[in-house]
Each structure stands twice: as C-alpha cells, then as structure tokens.
Amino acid sequence: MMVKKPDTGVKLRTRRPFLLSTYNVRTMKKVGRFPKIIQESHKLSLDVVAIQAHQYRTSLDTARMTDSLKLYKFIYSSADERGVGGVGILVKSRIAKSILKISKISDRILSVTLNSNPRITLTSA
C-alpha cells in the first residue's frame with residue numbers, strides 16, 4: 001500500500017452537496033476518450049467521478065493528469081502488467097486543491113482523502 005501526502009493547506013468548503021458519479025470506461029486509451037469524459041462531466045456539473053478499467057499503465061503507484069482547460073484533475077493507479085483494470089478519481093480542480101492523502105490499496109482500489117470538516121474519503125474500486 002502506497003500513501004502519498006500532497007502538500008495542501010486548503011480546506012474544502014462547499015455550500016452545496018457534491019455531485020458524485022461512477023463510470024466503468026472499459027478503456028481510456030482510445031483517442032479523444034479522456035476529453036469526452038471531461039466534457040460530459042462538466043456538462044453534468046459533476047464534482048467527482050470514480051472511474052474503473054481505464055487501462056492506463058504507469059511505473060508510478062499513482063499518477064495525475066489535467067485536462068487542457070484545467071477544469072478537472074484525474075488521479076489514477078496503474079493497470080496491471082497486462083493492461084487490465086486500473087482505477088482513478090476525476091475531481092474538479094478546486095476540490096483537488098484540498099487533497100490530503102492519496103492511497104493506492106491495490107491495482108483495483110484507490111482512495112483520496114480531502115481536507116474538509118468532516119474529512120471526506122473518496123474510494124474508487
């Protein structure tokens with residue numbers, strides 16, 4: 001289990017409920033798939049999207065990507081050696097500033113803890 005603690009002092013404040021979603025994308029390797037997910041998430045005003053089966057591989061335990069408009073950050077763990085699986089959490093950029101801890105439990109479980117009152121832990125499995 002790998003735990004990363006990003007440097008953050010920003011406490012998440014929200015005056016409205018979070019809009020959460022989950023999405024089994026099957027793959028995000030196809031050209032245009034990531035921007036399409038960003039576009040749809042923005043259109044639906046989603047704050048957080050738990051994503052399964054993205055199939056991205058990385059040598060790091062967890063990695064991050066940002067879309068070209070910097071609306072969302074995608075925090076993800078690598079798929080296995082065969083390119084199967086992989087989970088991630090897509091969060092709005094303002095929420096990403098409040099990330100306290102990123103924990104990779106396995107290739108198929110990732111959790112992100114937010115600096116809020118009360119603390120919020122998002123898990124993608």
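**Entry 1: salt bridges**

I began with glutamate 40, which is partly exposed at a relative accessible area of 28% (buried means under 20%, exposed over 50%, partly exposed in between, with a 1.4 Å probe and protein chains only). This is a predicted model, where local features need pLDDT of at least 70, side-chain atom pairs count only at pLDDT 80 or more, and totals for chains, interfaces and linings use all residues. Residues are numbered from 1 along each chain as its sequence is written, and side-chain values use heavy atoms, with hydrogens and water left out.

Which side chain meets glutamate 40 in a salt bridge? I found lysine 36, at 3.7 Å, N to O (a salt bridge is a side-chain nitrogen of Lys or Arg within 4 Å of a carboxyl oxygen of Asp or Glu). Both lie in helix 1 (residues 33-43), 4 residues apart, about one turn of the helix (helices, H or I, at least four residues, and strands, E, at least two, are DSSP runs numbered from the N terminus).

My search of the whole structure gave 2 salt bridges. Lysine 92 and aspartate 47 form one of them, at 3.7 Å, N to O. Here lysine 92 sits in strand 6 and aspartate 47 in the loop between helix 1 and strand 3, 45 residues apart. Aspartate 47 is buried, with a relative accessible area of 0%.

Next I looked at an open sheet of 5 strands, in the order 2-3-6-5-4 with mixed pairing (two strands pair if DSSP finds at least two bridges between them). Strand 2 (20-24) and strand 4 (62-66) each have a single partner strand, so one side of each lacks a neighbour in the sheet.
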